[in-house]
Amino acid sequence: MSILVVGSVALDYLETPHGIMKNALGGSATFVSISASYLSQPVRFVGIVGGDFPEEHIGYFQSRGIDLEGLVRVPEGKTFSWGGRYHEDMNNRDTLYTELGVFETFSPEIPDIWKASEFIVLGNIHPILQLHVLDQISSPRYIICDTMNLWIDISREDLLRTIARVDALILNDQEAKMLTGLSNVIAAGKHILTLGPEHVVIKKGEHGALLMSRDRIFSAPAFPLDAIKDPTGAGDSFAGGFAGWLSRTNDTSFENLKRAVICGSTMASFCVEQFSIEGLRDLSAEAIAERYLAFHDLAAFELPEKL
Ligand code: AMP
């Protein structure tokens, strides 16, 4: 099945306790598409970059089989850039700056031949742009939406309109609480399920992720890593792995969504081991399968004969 990814493409400034990286390849669509490309093809990419965007990154996307027909290049413009600084506890970060550059005038236009794509990932961008994408696609099988605190804060009504039209919303625990005004994550998830989506995934950083439908809950652990270098893109890599698994299997049952959550968590765990996209750059199918199985061992236990 095909996956259509829409989101930001960035040259980021990253500061973590493990170092600094300038002009780091980033952006929501970048992480989502690279991560998804390990699981399913074709991956169709819609985004925008400026004349400063290095040709080698274009070559890398192509080498991953990512179709760039929907990538707009504006030679006279500057690529979107985000600066972030992580605290010693890398669950917390500060945004140092956001320079929109070519994103300021961006309106995602979906090439005609992509309008019938089956799996849609609305990466983290302004909810009005996400709505514009939804208005163009014809008969999607499953729509996944990611977002961030900024849009909950400044564009809540537009975000609620987007959420009402998607199948799954992926967000972190802080965002879920912020969106609903509820301090309990489960209560927040249940509330989100009344807003339109059939499924919600609430990511809890190093504490894993919760998948919820109206009548079921699945709790997945995070992969225990003692060397996290840069958490940037973990959420997007999760979304890419989640979408990639669903597209590969063309099965959106709750049982299969559980596998998709583990697949998302697997891809996110590779992402955070290196700066920028480096942890995802060159993964083998064996390495992904090995970590996927390690996830299974992490949470599986045998029931005692008698309780
Ligand atoms: P994550 O760590 O999964 O939240 O994603 C980090 C990526 O989101 C970075 O590479 C940024 O370039 C990108 N990003 C940060 N702020 C925004 C924004 N306002 N709109 C779109 N993308 C953003």
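This is a predicted model: local features need pLDDT of at least 70, side-chain atom pairs count only at pLDDT 80 or more; totals for chains, interfaces and linings use all residues.
Start at the ligand. The shell around the ligand holds 19 residues. Of these, S8, D12, G27, G233 and D236 come nearest. Begin with S8: a polar atom of its side chain sits 2.8 Å from a ligand nitrogen. An N or O atom in the D12 side chain is 2.5 Å from an oxygen atom of the ligand. G233 works through its backbone instead. There, a backbone N or O atom lies 2.7 Å from a ligand oxygen.

How much of the ligand does the protein bury? Taken alone, the ligand exposes 510 Å². The protein buries 91% of that area.

Now ask which elements build the shell. Three of them give two or more residues each: β2 (10–16), α4 (149–154) and α8 (234–249). The largest share belongs to α8, with three residues. By residue type, the shell splits into nine nonpolar, seven polar and three charged.

Helix α1 spans residues 28–37. The axes of α1 and α8 come within 7 Å. They cross at roughly 40 degrees. Angles under 35 degrees would count as roughly parallel, so α1 and α8 are oblique to each other. The crossing of α1 past α8 is right-handed.

Helix α6 covers residues 173–180, and helix α7 covers residues 185–192. Their axes are 9 Å apart, and the helices pack at an angle of about 60 degrees. Roughly perpendicular begins at 65 degrees, so α6 is oblique to α7. Here the handedness is left: α6 passes α7 in a left-handed crossing.

Finish with the backbone. Most residues other than glycine have a negative phi, and most peptide bonds are trans. Two places in this model depart from those patterns. Where is the cis peptide bond? It joins Q41 and P42, with omega about 0 degrees. P42 sits in the loop between α1 and β4 (43–50).

N250 belongs to the loop between α8 and α9 (254–271). This brings the tour back to α8, the helix that gives three residues to the ligand shell.

How values were computed:
Residues are numbered from 1 along each chain as its sequence is written. Side-chain values use heavy atoms; hydrogens and water are left out. A residue is near a molecule or strand if one of its heavy atoms lies within 4 Å of it. A polar contact is a pair of N or O atoms within 3.5 Å; within protein, one must be able to donate a hydrogen and the other to accept it, and residues adjacent in sequence count only if both atoms are side-chain atoms. Accessible areas come from the Shrake-Rupley method with a 1.4 Å probe; for residues, only the protein chains shown count as cover. Helices (H or I, at least four residues) and strands (E, at least two) are DSSP runs, numbered from the N terminus. Ala, Val, Leu, Ile, Met, Phe, Trp, Tyr, Cys and Pro count as nonpolar, Asp, Glu, Lys and Arg as charged, and the others, Gly among them, as polar. Axes are lines fitted to C-alpha atoms, for helices over the stretch in contact, and angles run from 0 to 180 degrees between N-to-C directions. Angles under 35 degrees count as roughly parallel, over 145 as roughly antiparallel, 65 to 115 as roughly perpendicular and the rest as oblique. A crossing is left-handed if the near helix is turned anticlockwise from the far one by less than a right angle, and right-handed if clockwise.
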